[in-house]
Amino acid sequence: MADESFESVPISFADACLERMAGQIPNSAVMTLDSDFKIYRKYRNEAIVVILP
């Protein structure tokens, strides 16, 4: 999974909603079991803070 780029990972509607909310709420974090959030970005270049168990 280390070689995957943002463009090669399909995003579900639910993930897209969380990505959008993370971009709208400053200093937010997403708690999830979905490791794709390590790849998703807000504003195309800023990593989303992810809390994974």
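## Exercises on a predicted model

**Exercise 1.** Work out which residues of α1 are buried, and what they pack against.

*Solution.* Start with the accessibilities: Asp15, Glu19, Ala22 and Gly23 are the buried residues in α1. They cover an arc of only 100 degrees around the axis, so they lie on the same side of α1. Next, look for their partners: the buried residues of α1 pack against β1 (29-31) and β2 (41-42).

**Exercise 2.** Check whether the length of α1 agrees with its number of residues.

*Solution.* Helix α1 runs over residues 13-24, which makes 12 residues.

**Exercise 3.** Find the salt bridge and describe the exposure of both partners.

*Solution.* Side chains of opposite charge can pair when their charged atoms come close. With a cut-off of 4 Å, the count is 1 salt bridge. Glu46 pairs with Lys42, and their closest N and O atoms are 3.7 Å apart. Glu46 is partly exposed because its relative accessibility is 37%; Lys42, at 9%, counts as buried.

**Exercise 4.** Describe the surroundings of Ile11.

*Solution.* First place the residue: Ile11 sits in the segment before α1. Its relative accessible area of 37% makes Ile11 partly exposed. Leaving out residues up to four places away in sequence, Ile11 touches Ala16, Glu19 and Tyr40. Finally, Ile11 and Tyr40 are 29 residues apart along the chain, with 8.6 Å between their C-alpha atoms.

Notes:
Residues numbered from 1 in each chain as written. Predicted model: local features only at pLDDT ≥ 70, side-chain atom pairs only at ≥ 80, totals over all residues. Heavy atoms only, no water. Helix = DSSP H or I, 4+ residues; strand = E, 2+ residues; numbered from the N terminus. Expected span 1.5 Å × (residues − 1). Buried < 20%, exposed > 50% of the residue type's maximum accessible area, 1.4 Å probe, protein only. Arc of directions from axis to C-beta. Contact = heavy atoms within 4.5 Å. Salt bridge = Lys/Arg side-chain N within 4 Å of Asp/Glu carboxyl O.
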